Amino acid sequence: MLFDTHVHLNADQFEEDLEETIERAQEAGVQYMTVVGFDRKTIPKAMEIAERYENIYAAVGWHPVDAIDMTDEDLQWIEELSQHPKVVAIGEMGLDYHWDKSPKDVQKEVFRKQIRLAKKVKMPIIIHNREATHDIVEVLKEENAAEVGGIMHCYSGPVEIAQECIDMNFMISLGGPVTFKNAKLPKEVAKAVDLKHLLVETDCPFLAPHPNRGKRNEPAYVKLVAEQIAELKGISYEKVSETTTSNALEFFGIQSQ
């Protein structure tokens, strides 16, 4: 049994074969998923999918690349949706210094607003980080994000920072890059971080794990991530799948079925 904690089944890439994609995931042992909405287009689709499928949940937030587009009305909308029974987290949110659509100060302001909202509605947060590790950790500390905790989504930083995040009540989620031959840091993190602090994800349709690298990613492939972690840790695949699923259910406050 697996829990893919970060999927974008609401992306255009799944428009033609959503049903079949979910069936393939179930056949691969993926029982639960969290579909993440991060702007005006993807949030309604995330909600629609979560409402349609029993074991698929939603996270709603605002992506840092599009921070410049977020209005007070959007923040209010996210707050209202947080009360929906299938919404389990606020996000993805964070900082992305790779693209330059949204200035860094605007990204930080939108990030802080969402952390404060999460604390107000008492929900965990999902963090997107690209080339902004130091600033992310600084904002999380300044805003006392430990109060709600969260997920470091598709974590790619060093072990020391992972431990800092764990100390702030965050889970470390590993995705496709842990299977890449040249991905040194995710492999080190998989080995070093205690299994009780780990989650697995695909971030599909992006970052497909080896041997599907470069193709469209999908939730069924989260099994490859769990298998790689098991191999790196020298423990059974069953242990990884069982523990990461139970971690995710507890983190999201979901009763197992």
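I began with the second largest pocket, whose lining consists of Val148, Gly149, Ile166, Asn169, Phe170, Met171, Lys196, His197, Asn247, Glu250 and Phe251. Two or more lining residues come from each of strand 7 (170–174) and helix 9 (237–252), and helix 9 gives the most, with three residues. I took helices (H or I, at least four residues) and strands (E, at least two) as DSSP runs, numbered from the N terminus.

The model is predicted: local features need pLDDT of at least 70, side-chain atom pairs count only at pLDDT 80 or more, and totals for chains, interfaces and linings use all residues. Residues are numbered from 1 along each chain as its sequence is written, and side-chain values use heavy atoms, with hydrogens and water left out.

I then turned to the aromatic rings. Rings of Phe, Tyr and Trp (its six-membered ring) pair if their centres lie within 6.5 Å; planes under 30 degrees apart count as stacked, over 60 as edge-to-face and the rest as tilted. I found three aromatic pairs by this rule. Phenylalanine 3 and tyrosine 32 have ring centres 5.4 Å apart and planes at 20°, so this pair is stacked. Phenylalanine 3 belongs to strand 1 (residues 2–7) and tyrosine 32 to strand 2 (residues 30–37), so the pair ties together parts 29 residues apart in sequence. I noted one aromatic cluster formed by Phe3, Tyr32, Phe251 and Phe252.

Definitions and conventions
On a 1 Å grid over the protein atoms alone, a cavity is a set of points where a 1.4 Å probe fits but cannot get out, and a pocket is an open set with protein on both sides within 12 Å along at least five of seven lines; lining residues have an atom within 4 Å of a point.
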